[in-house]
Amino acid sequence: MEIKIKNIEAIRNAAREFINNIGEHRVFAFYGKMGAGKTTFIKAICEELGVEDVITSPTFAIVNEYSLPKPLDGIGCSLFHFDFYRIKKLEEVYDMGYEEYFYSGSLCFIEWPELIEEVLPEDAVRVTIEEETDGSRSVRF
């Protein structure tokens, strides 16, 4: 599937379209260059899901947990947002107990998954965000 985001004003509509296509999937690996809009898109998804917490990039914390206002169809009440940009060794991911997050049944949105490919669940949805020449974004999954 492909979602086009023409400008920042259209991001909430794109986030709703993404949510409508989540299906049974729980782990989403977001690929894209620095500045492609991964964090911005994930923030819009969280807002559309009703997250009331302050949504920030977990670059230094590695993972942020957000509360969903009500359980979504089979998802539960938590959403985990990961940023593995600063991971130096895969052992760091083992030490943080990644399995408890990835296999919890909660939504997991992962930035910089290419650094932890070895431990991504087989059913993780690969989401690619690319900036187009006109400044719009393409979200493919």
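**Entry 1: Glu111**

I looked up the side chain of Glu111 and found a polar contact with the side chain of His81, at 2.6 Å. The model is predicted, and I read each entry with that in mind. Glu111 sits in strand β5, residues 107-111.

Is Glu111 buried or exposed? I found Glu111 buried, yet without a salt bridge. The nearest side chain of opposite charge is that of Lys38, 4.9 Å away. A salt bridge needs the nitrogen and the carboxyl oxygen within 4 Å. I then listed what Glu111 touches beyond four places in sequence: Phe30, Lys38, Thr39, Ile42, His81, Phe82, Asp83 and Phe84.

**Entry 2: the cores**

I turned to the nonpolar residues. In soluble globular proteins, nonpolar side chains tend to be buried together. Here the largest nonpolar core holds 28 residues. Phe18, Phe28, Phe30, Phe41 and Phe109 have the most contacts inside it. At least two residues each come from β1, α1, β2, α2, β3, β5 and β6. Which element gives the largest share? I found that α2 does, with five residues.

I checked Phe41 next. Its contacts beyond four places in sequence are Ile5, Ile11, Ala14, Ala15, Phe18, Phe30, Ile129 and Val139. I also noted a second, separate core of 18 residues, with Phe84, Val93, Ile110 and Val119 among them.

**Entry 3: helix α1**

I looked for buried residues in α1 and noted Ile11, Ala14, Ala15 and Phe18. Why are they on the same side of α1? They cover an arc of only 100 degrees around the axis, so they share that side. The cover over the buried residues of α1 includes β1, β2, α2, β5 and β6.

**Entry 4: salt bridges**

I searched the whole structure and got ten salt bridges. One of them joins Glu2 and Arg140, with the closest N and O atoms 3.3 Å apart. Glu2 is in strand β1 and Arg140 in strand β7, 138 residues apart. Both residues are partly exposed: Glu2 has a relative accessible area of 38%, and Arg140 has 30%. I also found Glu2, Lys4, Glu130, Glu132 and Arg140 linked in a network of salt bridges.

Arg16 pairs with Glu48 in another salt bridge, at 2.9 Å between the closest N and O atoms. Arg16 lies in α1 and Glu48 in α2, so this pair ties together parts 32 residues apart in sequence. Arg16 is partly exposed at 35%, and Glu48 is partly exposed at 23%.

Last, I noted the salt bridge between Glu117 and Arg126, 3.3 Å from N to O. Glu117 is partly exposed at 34%, as is Arg126 at 35%.

Conventions. Residues are numbered from 1 along each chain as its sequence is written. This is a predicted model: local features need pLDDT of at least 70, side-chain atom pairs count only at pLDDT 80 or more; totals for chains, interfaces and linings use all residues. Side-chain values use heavy atoms; hydrogens and water are left out. Helices (H or I, at least four residues) and strands (E, at least two) are DSSP runs, numbered from the N terminus. Buried means under 20% relative accessible area, exposed over 50%, partly exposed in between (1.4 Å probe, protein chains only). Lys and Arg count as positive and Asp and Glu as negative; His and the chain ends are not counted. A polar contact is a pair of N or O atoms within 3.5 Å; within protein, one must be able to donate a hydrogen and the other to accept it, and residues adjacent in sequence count only if both atoms are side-chain atoms. Contact means heavy atoms within 4.5 Å. A nonpolar core is a set of buried Ala, Val, Leu, Ile, Met, Phe, Trp, Tyr and Cys residues joined through side-chain atoms within 4.5 Å. The arc is that of the directions from the helix axis to the C-beta atoms.
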